[in-house]
Amino acid sequence: MCLFCAFTGMLKTHPENSDVLNRLHAREAISHLDYYFAAHVARVFACEDPLVKMTCALVSSALARGHVCLDLKALSGRMIPGLKKDGPQIRLPQFKPWRTALAAAPMVGRPEDKDLCRLPLVLDTDGCLYLAKYFDFQERLVKNLSERIQTRSHPVAPKFIRSRIQQHFSGDPEQTRPQRQAVATALQSNFTVISGGPGTGKTYITRIIREILQAHAQALHQPAVRFLSLAPTGRAASRLQDGATIHSALIPRKHGPGFVHGKNNPLVADVVIIDEASMIDLALMTRLMEAIPPSARVILLGDDHQLSPVQAGAVFSEICRTDVMAPLVVSLTYNFRSRGKTGIENLATAIRENDADETTRILTSNQYPDLVYESPGNDGHAVLEKYIRSGYGPFMAQQDMAGALDAMDRFKILCAHNIGESGTLQINHICEKILRRPRHSAITDRSVKQMIMINTNDYDRGVFNGDTGVVLQDKQGLVAGFRMEDGTIRKFGIMDLPSHEPAFGITIHKSQGSEFETVLILIPNTVSRVMTRQLLYTGVTRARRKVVILGSLTVIQEAISQSLEQTCRVSARLARERDLLAPVVTMEV
């Protein structure tokens, strides 16, 4: 049975459905958190309107899926997705009555309210409903970026830029044009965005920018330029010159939320380079931008085709796709590492461009030595065991911590999910079982050698969510080791570690910011909401030398056609700042 009536009409004609919040919860369309958030807010504000209560649950659910807000106009008249168990479908109301009901709700504020966070929700003029703190983050970020772009402090003379660029770029002018443009834009502007996949030269560009800025300061007899290189994860930070994680630079407060550095206590830097910026969510990006001095140059590096951040707010991709920001955004497409000749690059391009036919041709052609496609077939488990043994064999052969840590990134299994036959929980169990049992032997090696990943931030010990390490057994017992940002190894007793999990197999989401010599990507048997074009692209581009894909071609093709679009209004808000942004003129090189 399907209810094709509008939501408000349904309540009038079907009184038994007035408790729709409970029904959505019972049918698993909303989580426990969504349900209790809506119930609590309704109770605190004495609101009995079932439409308002349902919408409170939906905005909480949207946030959990990475959406900064609930776009009423885009969702109006649609069926509520994710309803499980038997029962009628429920169509959301039309936009005008829905917006009117929310505008009158006691827990919903307006953008012009002075005390914005006095109420838990905010409804903007476009009909988008936010949790108040996320609306506040959005407005603060847009304000910060607008003011930062208008600040044109310490520009480098075009003549100086051209002469220095000529010294650093001697290759094909067409291939290096975007790189040269990226350098010139960064030297002339206070805010620059450089987007490109692995091998497109982002690291090389930042090194040139550093050298030119230091040379310019010396030529003018100015103090040395103070650089700060940041990344969301320790692994990404370790690839930067004098890199550090964002959290370690901002310094989390030991007592209470927030960071030591912020708008009123900014970081000390003249230039801030932020790598893997596509991983940074709205809340962290806002806090980071506010902690950077307004006069400092900011250079964001990332890949706008990768997965969005785990938390809400795909700020990097929003900026890349905003017309008003176009003069400050440089896209790099030419891969200097593979020069269009590798299977990895060509497969990534086909996936990125939503070309399922070309993806299938590349996977099944057997023409690239760096790309292997394995059909699951009847011997899928045997194929998986073969790659587990060959891939993790060098790691298991290491006898000391340094060797094990060095071997850790030579091979990695990447999964789409945590749960299921090809999920990380099952794959890690299989890996440990296979690797502790020598081939053709029933004897199990009881010595412990395990890859692990931290899944929480521990500021006292200096290990953070996403950091990977190795557990070995020595004379003192089980010891975990981690390679720190400066290359040193820090060891902890296994009982002293914060929450962690096995990491022979990790999700593609958690692989962001890392690269491995070889990756084995496991494709699940069916397409889910998680299986998207961005997920496949991110998985393939984690490999430096070889990609092995095990799974159904049908599922791969369906995933390529599915794109994850998260609702984030930073782009729309920046577009409205067109008159406030100072004209940006970038030089041609």
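In the predicted model, Thr532 touches Leu307, Ala559, Gln562, Ser563 and Leu564, when residues up to four places away in sequence are not counted and when contact is taken to mean heavy atoms within 4.5 Å. Thr532 is placed in the loop between β19 (516–522) and α21 (533–540), where helices (H or I, at least four residues) and strands (E, at least two) are DSSP runs numbered from the N terminus. With a relative accessible area of 1%, Thr532 is buried, a term that stands for under 20% relative accessible area, whereas exposed stands for over 50% and partly exposed for values in between (1.4 Å probe, protein chains only). The C-alpha atoms of Thr532 and Gly256, which are 276 residues apart along the chain, are separated by 37 Å.

Because this is a predicted model, local features need pLDDT of at least 70 and side-chain atom pairs count only at pLDDT 80 or more, while totals for chains, interfaces and linings use all residues. Residues are numbered from 1 along each chain as its sequence is written, and side-chain values use heavy atoms, with hydrogens and water left out.

Rings of Phe, Tyr and Trp (its six-membered ring) are said to pair if their centres lie within 6.5 Å, and the pair counts as stacked if the planes are under 30 degrees apart, as edge-to-face if over 60, and as tilted otherwise. By this rule the count comes to 8 aromatic pairs. One of them is formed by Phe169 and Tyr204, which are edge-to-face at 5.9 Å centre to centre, with 90 degrees between the planes. Phe169 lies in the loop between α8 (158–168) and α9 (173–188) and Tyr204 in helix α10 (residues 202–219), so this pair ties together parts that are 35 residues apart in sequence. Phe169 counts as buried at 10% relative accessibility, whereas Tyr204, at 30%, is partly exposed.

Phe395 and Phe504 form an aromatic pair that is also edge-to-face, at 6.1 Å centre to centre and 80 degrees between the planes. This pair links distant parts of the chain, since Phe395 belongs to helix α17 (residues 380–396) and Phe504 to the loop between β17 (500–502) and β18 (505–507), 109 residues apart. Phe395 is buried, with a relative accessible area of 1%, and Phe504 is buried with a relative accessible area of 1%. Ring pairs link Tyr392, Phe395, Phe411 and Phe504 into a cluster.
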